Amino acid sequence: MAATVAYKDRQLLAVIGDEDSVTGLLLAGIGHVTNPPDAQRNFLVVDAKTETSEIERAFQTFTQERKDIAVVLINQHVAERIRHIVDTFTDPFPAVLEIPSKDHPYDPEKDSVLKRVRRLFGE
Amino acid sequence: MSGAVGREPVFPTRQSLGLMKSKLKGAEIGHSLLKRKSEALTKRFREITRRIDEAKQKMGRVMQIAAFSLAEVSYAVGGDIGYQVQESAKQARFRVRAKQENVSGVLLPHFESYTQEGVNDFALTGLGKGGQQIQRCRETYARAVETLVELASLQTAFLILDEVIKVVNRRVNAIEHVIIPRTENTIKYINSELDELDREEFYRLKKVSGKKQRDVAAADAEIAAARQKEAEKKAQAGTPAQEAKEEEAESTDVLGEQEDNDVIF
């Protein structure tokens, strides 16, 4: 029953994405900043200038270090940049969800979960 | 492969035969139960996969609408509100709660979204202009996030079920292809060994009785030979008087014997 304890206190959503997606999701009210001194945001704005290593670090933090995040939302084109990490992350918690962004239409072929679905059904 | 599974290291006794038989029965029951579990999970799994597919399509539409409403906001506000929004985010208003659902012994989490009342980080956003658009945008995005949360719980269930189904199928296959054939092999082995022992025992008994018969036959032959010799002797030098005497002696002997019997009684 360790898993039960593990996700009982997961309440937040985290987001990694371009400015528009992050703004919209923050408007919906998912933004959370932990108390100082080590104020941690649960969102990361990615633009063309953002280093891939920074995205990787944020993804690792959201998925492995923070225990209060239940769902990680990540723009698909951002996920493309760290595809190897997203594909290797297979734990059920937190759930990693690839979402479409304004400029990049959603492509089901690239989604790591949908890829598994397709593979399972032998398509 | 079933020929190479070998057998369990047991002594071929009746007791271990009984043990193996009950083990085989247990394995068969376990196999059918696990098979049923696997089927139930797979049914659930297929349903979830279908729903994921649907939800993904829906997510595409919903996010498109949400992005459009955000564009409306930036048009109405006349500038970028992204920075302001990011800075004013402090407490999550939109949260999720994990619930559990039990599918044939597997606990599947189900996220449920709820909004924390009394937290509003964006009270001042769009105060100048575009407040209405921002309000609408927030509602749209809240609905979009609800869809996303639903999708996330489906996805989590998908991952967990995938794992569990793999484990269950592995067990089913292990029982079907390793444990049951091996136990059957062991039972066969014990039976053949026991039969072998039976045959050995039978052969031994036969040998013993054969030996006894031979002994008896030999003894009979000896006695017969001795009698014949005696008869020949008598025929050579025997007189009727002597014979009569002998007969008398025999009869007295018999009487003596009877007397003895009475004494015993």
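Reader: Why is the pair Lys35(B) and Glu176(B) called a salt bridge?
Author: A salt bridge is a side-chain nitrogen of Lys or Arg within 4 Å of a carboxyl oxygen of Asp or Glu. In Lys35(B) and Glu176(B), the closest N and O atoms are 3.9 Å apart. That value is within 4 Å, so the name applies. The pair links distant parts of the chain: Lys35(B) sits in helix α1 of chain B, Glu176(B) in helix α3 of chain B, 141 residues apart. Helices (H or I, at least four residues) and strands (E, at least two) are DSSP runs, numbered from the N terminus.

Reader: Where do these values come from?
Author: This is a predicted model, in which local features need pLDDT of at least 70 and side-chain atom pairs count only at pLDDT 80 or more, while totals for chains, interfaces and linings use all residues. Residues are numbered from 1 along each chain as its sequence is written, chains are lettered from A and ligands numbered from 1 in the order in which they are written, and side-chain values use heavy atoms, with hydrogens and water left out.

Reader: How do you know whether Lys35(B) is buried, partly exposed or exposed?
Author: Check its relative accessible area: buried means under 20%, exposed over 50%, partly exposed in between (1.4 Å probe, protein chains only). Lys35(B) has 35%, so it counts as partly exposed. Glu176(B) has 30%, so it gets that label too.

Reader: What makes Glu98(A) and Arg83(A) a salt bridge?
Author: Their side chains meet at 2.9 Å, N to O. Glu98(A) lies in strand β4 of chain A and Arg83(A) in helix α5 of chain A, so the pair ties together parts that are 15 residues apart in sequence. Both residues are buried. The structure holds 15 salt bridges over all chains.

Reader: Why can such side chains pair at all?
Author: Side chains of opposite charge can pair when their charged atoms come close.

Reader: What makes Phe45(B) and Phe158(B) a stacked pair?
Author: Two tests apply. Rings of Phe, Tyr and Trp (its six-membered ring) pair if their centres lie within 6.5 Å; planes under 30 degrees apart count as stacked, over 60 as edge-to-face and the rest as tilted. A search of the whole structure finds 2 aromatic pairs over all chains. In Phe45(B) and Phe158(B), the centres are 5.1 Å apart and the planes at 15°, so the pair is stacked. Phe45(B) lies in helix α1 of chain B and Phe158(B) in helix α3 of chain B, so parts 113 residues apart in sequence are tied together. Phe45(B), at 7% relative accessibility, counts as buried. Phe158(B) is buried as well, with 0%.

Reader: Why is the pair Phe59(A) and Phe89(A) called edge-to-face?
Author: Its ring centres are 6.0 Å apart and its planes stand at 85°, so it passes both tests. Phe59(A) is in helix α3 (residues 52-65) of chain A, while Phe89(A) is in the loop between α5 (83-88) and β4 (95-99) of chain A, 30 residues away. Phe59(A) is buried at 0% relative accessible area, and Phe89(A) counts as buried at 12%.

Reader: How do you know how many residues of chain B touch chain A?
Author: Count contacts, meaning heavy atoms within 4.5 Å. By that count, 49 residues of chain B are in contact with 48 residues of chain A. About 4300 Å² is buried between the chains, 67% of it on carbon and sulfur atoms. Buried area is the accessible area (1.4 Å probe) that two parts lose on being put together, summed over both.

Reader: How many salt bridges join chain B to chain A?
Author: The count is 0.

Reader: What is the make-up of chain B itself?
Author: Chain B has 4 helices and 2 strands. From the N terminus on, they run α-α-β-β-α-α. Of its 265 residues, 31% are buried.
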